Amino acid sequence: MDRTGKPPRTVGIDRFGFDSTVNVKELRALYLRPRHLPSRSQALTEQNPSLSDFHSTYDSSTNNISYTTVSRFPPVKLLTPHRKKRILVTGGAGFVGSHLVDRLMLLGHDVIVIDNFFTGSKTTVSHWIGHPNFELLRHDVTEPLNIECDQIYHLACPASPPHYQFDAIKTLKTSFMGTLNMLGLAKRTKARFLITSTSEIYGDPQVHPQPEDYWGNVNPIGIRACYDEGKRVAETLTYSYQRQENVEVRVARIFNTFGPRMNPQDGRVVSNFVMQALKGENMTVYGDGKQTRSFQYIHDLIDGLIALMNSNESRPVNLGNTDEFTVGEFAEMVREVVKEVKERDGEAMAPVEIVHKPIPSDDPQRRRPDNSRAKEVLDWCPRWTVRMGVEEMTRYYKILLEAGEIE
């Protein structure tokens, strides 16, 4: 049940002249399934129409995957030319980007995805490859791109600590040069530009919850600075292009988001907890577990991004869930949800303990958004409860574990 006590049947918002509503069942069919079928005969049978868009089959006896060219796509809306937009999504093969791509494709728009696949994966958007409305380019945003578009969602940048700290200089180049190149493209094509910034720009905040006019408390030389300061300078570039070059800009400050397609090895708290509980491993909490976080489900974020892009709001807007948990409380909830999912599937859950390890450097103690602006100007607030999201994410990882796609 969602926050209204009803099962969600649709996601999206019909607002600002842009209808982003789609059926939840159609959306789930794109990710709550294994990517490979267990046999060739099952892949080719017409008795499984809901599975007929698979592009690969797995033979467990030989450990081989066979790829097919069956091109059956999910149904998309038919739009008239004046309503159909050419939308560029940078980082569109990543966690957030792929869900945005799914939504825009189902809505009937032309979608161009560019990604260098450093953290993204073709598998997240492979179900659209070959569709006449879809184009996928391997491209690094630190290099210029010459393309035509009406809207630009600029998501490209590693977002988890292990990934953005792996090559800190590259992370900074992506934030600065990548944003500079995409703003230049927006200027030339007169496209509206939305950048996904982050709650990390608030650092370890001394104001709680964090409103958009709070300037933050960031360590500019710490191990997280490549991401925190990279996003801060990206915002500076964005508003410089607005003031100097009259580019239409939107800035979304995203708070902790989770959902299917998160990399299970990306070091984030939700994926860590769910994977450890599913595998019967002890769940790792860093520090005493009293630091707080707020978590929003991916579908709520996509609703907010599309609403912001098509609104008239050019100020930064926080997009996050105001429900606050201590990390220790959240670990206990995840353990409980995983146990419930396993029991409904007739499986016993191995005993799982919560263990504590030293807290990483510059880890913020409190993080929760002030969503007043989003409610006021977008009429947006999260619909999905954290528990609903954790259950769906548990199902997603469980499917992949059983199919041998992750370990």
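Figure 1. C381 is partly exposed, with a relative accessible area of 41%, in a structure that is a predicted model. A disulfide is a covalent bond between the sulfur atoms of two cysteines. The structure holds zero disulfides. C149, for its part, is in no disulfide, and the nearest cysteine sulfur, which belongs to C157, is 20 Å away, whereas a disulfide would need the two sulfur atoms to be within 2.5 Å. C149 counts as buried because its relative accessible area is 2%, and buried means under 20%.

**Figure 2. The largest cavity and the residues around it.** Rolling a probe the size of a water molecule over the atoms shows where empty space is left. The structure holds two cavities of 30 Å³ or more, and the largest of them has a volume of about 40 Å³. Its lining is made up of H154, L155, A156, C157, T174, S175, T179, I195, T196, K231 and A234. At least two lining residues come from each of α5 (168-189), β11 (192-198) and α6 (225-245), and α5 provides the largest share, with three residues. When the lining of this largest cavity is sorted by class, it has five nonpolar residues, five polar residues and one charged residue.

**Figure 3. The second largest cavity.** About 30 Å³ of space lies in the second largest cavity, and the residues that line it are L27, H99, D102, R103, H299 and I302. Helices α3 (95-106) and α8 (298-310) each supply at least two residues of this lining, with α3 giving the most, namely three residues. By class, the lining of the second largest cavity has two nonpolar, two polar and two charged residues.

**Figure 4. Helix α9 and the elements that surround its buried residues.** Helix α9 covers residues 327-344, which makes 18 residues, and from its first C-alpha to its last it reaches 26 Å, close to the 26 Å expected at 1.5 Å a residue. The buried residues of α9 are V327, G328, F330, A331, M333, V334, V337, V338, V341 and K342. These buried residues of α9 pack against helices α7 (269-278) and α11 (386-402), and also against strands β14 (283-286), β15 (292-294), β18 (324-326) and β19 (354-357). Just after α9, G346 takes a positive phi of about 75 degrees.

Figure 5. N63 is found in the loop between β5 (56-59) and β6 (64-67), and its phi is near 60 degrees, a positive value in a residue other than glycine. N63 counts as exposed because its relative accessibility is 55%, and exposed means over 50%. K190 lies in the loop between α5 and β11, and the phi of K190 is likewise positive, near 60 degrees, in a residue other than glycine. With a relative accessibility of 72%, K190 counts as exposed.

**Figure 6. The cis peptide bond between H208 and P209.** H208 and P209 are joined by a cis peptide bond, for which omega is about -10 degrees. P209 is found in the loop between β11 and α6, and β11 and α6 are among the elements that each supply at least two residues of the lining of the largest cavity.

Methods:
Residues are numbered from 1 along each chain as its sequence is written. This is a predicted model: local features need pLDDT of at least 70, side-chain atom pairs count only at pLDDT 80 or more; totals for chains, interfaces and linings use all residues. Side-chain values use heavy atoms; hydrogens and water are left out. Helices (H or I, at least four residues) and strands (E, at least two) are DSSP runs, numbered from the N terminus. The expected span of a helix is 1.5 Å times one less than its number of residues. Buried means under 20% relative accessible area, exposed over 50%, partly exposed in between (1.4 Å probe, protein chains only). Contact means heavy atoms within 4.5 Å. On a 1 Å grid over the protein atoms alone, a cavity is a set of points where a 1.4 Å probe fits but cannot get out, and a pocket is an open set with protein on both sides within 12 Å along at least five of seven lines; lining residues have an atom within 4 Å of a point. Grid points are joined across faces, edges and corners, and a volume is the space filled by probe spheres set on the points. Ala, Val, Leu, Ile, Met, Phe, Trp, Tyr, Cys and Pro count as nonpolar, Asp, Glu, Lys and Arg as charged, and the others, Gly among them, as polar.
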